[in-house]
Amino acid sequence: MTAIDALSPTAQAIARAEAHGVRNYAPLPVVLRHGEGVWVTDVEGRRYLDLLAAYSALNFGHRHPRLVAAAKAQLDTLTLTSRAFHAEPLARFTEGLAELAGLDVVLPMNTGAEAVETAIKASRRWGYDVKGVAPDRARIIVADGNFHGRTTTIVSFSTDADARRGFGPFTPGFDVVPFGDLDALEAAITEDTVAFLVEPIQGEGGVIIPPEGYLAGAAAICREHGVLLIADEIQSGLGRTGETFACDHEGVTPDVLVLGKALGGGIVPVSAVVAREEVMAPITPGSHGSTFGGNPFAAAVGAEVVAMLAEGEPQARARELGPTFLEGLRALDAPDVVEVRGRGLWAGVEIAGARTGKECCYALLEQGVLAKETHETTLRFAPPLIISDPELDEALARVGRALA
Ligand SMILES: Cc1ncc(COP(=O)(O)O)c(C=O)c1O
């Protein structure tokens with residue numbers, strides 16, 4: 001028997017994963033084997049309520065039967081073609097998503113960061129070809145505390161030192177303004193500004209909700225100055241906040257909507273940029289693409305996600321359960337909790353006390369709850385939107401015990 005054989009199944013799996021896997025994450029010490037709905041089971045048979053839901057990529061829960069059926073049907077038909085040829089599911093996906101978003105055209109990609117990159121490239125090209133910005137002068141305004149992904153260009157305008165350290169030289173052309181500050185946005189606009197890229201609610205930033213009227217105000221300023229409003233709804237969109245998109249709370253349709261995470265139904269990476277026709281017109285064959293973007297398997301799953309959202313049930317659940325969830329968190333007898341922010345089934349719980357956010361996550365794990373801190377002092381909860389009333393009560397009871 002080797003030393004590794006003497007370890008528990010959990011410790012064995014972690015030792016093996018760490019032997020050859022780069023440690024760019026620091027996962028909690030739990031090894032998951034099975035998921036269904038809101039629940040996951042680890043290799044030792046312990047069950048947990050998944051209140052992270054893969055940062056909202058699992059808005060419809062683990063292995064939603066309708067999404068799994070769509071995926072299986074497509075697996076038995078056609079999986080990959082490349083975009084050198086047409087394949088049937090993509091049209092269903094783009095038609096449905098454009099209609100859901102109230103916009104004209106859809107450019108499919110895979111990960112969130114790729115979709116953000118796509119929006120950056122498209123808005124720069126629109127700036128040169130349509131707005132008339134001088135060559136290589138285009139600038140994009142972003143918000144302090146943003147999180148838009150991990151590529152070299154995207155970390156170029158991150159304000160998080162950990163995300164940037166050691167990764168320069170950075171891509172130029174970005175201006176950072178305080179999140180929630182409309183005067184600063186307007187003051188930062190110049191004749192070279194092509195876009196304002198913003199998360200309607202900052203997710204990784206700690207579920208930070210801007211002042212009422214911020215998005216509507218930003219949309220008006222952008223319209224007045226001929227600047228594109230790009231809403232990154234990769235985390236906030238697709239039902240999470242109780243509306244299809246977080247922008248809907250202020251009646252705003254952005255020029256460009258960036259989506260990912262839940263668009264893949266918890267099955268496959270699917271992201272997309274949805275925009276007005278004019279914005280994407282300068283994107284011509286050969287100028288941008290992805291081998292896997294819009295592949296038949298991803299498009300079939302994405303089309304089913306869009307169909308579910310078009311029926312409205314996930315948004316309605318988030319709207320119905322959101323107040324119970326947020327009030328329930330606020331009512332906990334939890335000495336380290338200083339603030340609970342949120343919208344729909346999405347909460348940021350601010351911790352300031354004896355325990356760090358990470359220590360709270362360990363306490364949650366012991367109570368059979370999976371969650372993750374962000375920025376050390378915020379616990380982020382984003383249960384699958386299919387959570388039942390009794391499951392939500394159970395979740396609140398467990399969180400209460402962990403944070404008592
Ligand atoms: C708002 C936002 N944009 C972009 C991303 C990047 O997505 P991905 O990790 O799929 O590249 C994330 C991921 O957390 C996000 O929350």
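Q: How do S11 and strand S12 pair, and over how many bridges?
A: Here's the general idea: strands of a sheet pair through backbone hydrogen bonds, either parallel or antiparallel. In this predicted model, S11 and S12 (residues 347-351) go the antiparallel way, with 5 bridges between them. To find your place, look at Arg 341, which stands opposite Gly 348 in S12.

Q: In what order do the strands of the open sheet come?
A: There are 4 strands, and the order is S11-S12-S15-S14, with antiparallel pairing. On average, neighbouring strands here are turned by 30 degrees against each other, ignoring direction.

Q: Which strands does helix H13 touch?
A: Helix H13 (residues 357-366) packs on the sheet and touches S12, S14 and strand S15 (378-381). Compare directions and you get about 45 degrees between H13 and S15.

Q: Where does Asp 336 lie?
A: Look in the loop between helix H12 (313-330) and strand S11 (337-342).

Q: Is Asp 336 buried or exposed?
A: Buried means under 20% relative accessible area. Asp 336 has 9%, so it counts as buried.

Q: Which residues does Asp 336 touch, leaving out those up to four places away in sequence?
A: That list is Glu 350, Ile 351, Ala 352, Gly 353, Ala 354 and Arg 355. With Arg 355 there's also a polar contact of 3.3 Å between the side chains.

Key: Residues are numbered from 1 along each chain as its sequence is written. This is a predicted model: local features need pLDDT of at least 70, side-chain atom pairs count only at pLDDT 80 or more; totals for chains, interfaces and linings use all residues. Side-chain values use heavy atoms; hydrogens and water are left out. Helices (H or I, at least four residues) and strands (E, at least two) are DSSP runs, numbered from the N terminus. Buried means under 20% relative accessible area, exposed over 50%, partly exposed in between (1.4 Å probe, protein chains only). A polar contact is a pair of N or O atoms within 3.5 Å; within protein, one must be able to donate a hydrogen and the other to accept it, and residues adjacent in sequence count only if both atoms are side-chain atoms. Contact means heavy atoms within 4.5 Å. Two strands pair if DSSP finds at least two bridges between them. Axes are lines fitted to C-alpha atoms, for helices over the stretch in contact, and angles run from 0 to 180 degrees between N-to-C directions.
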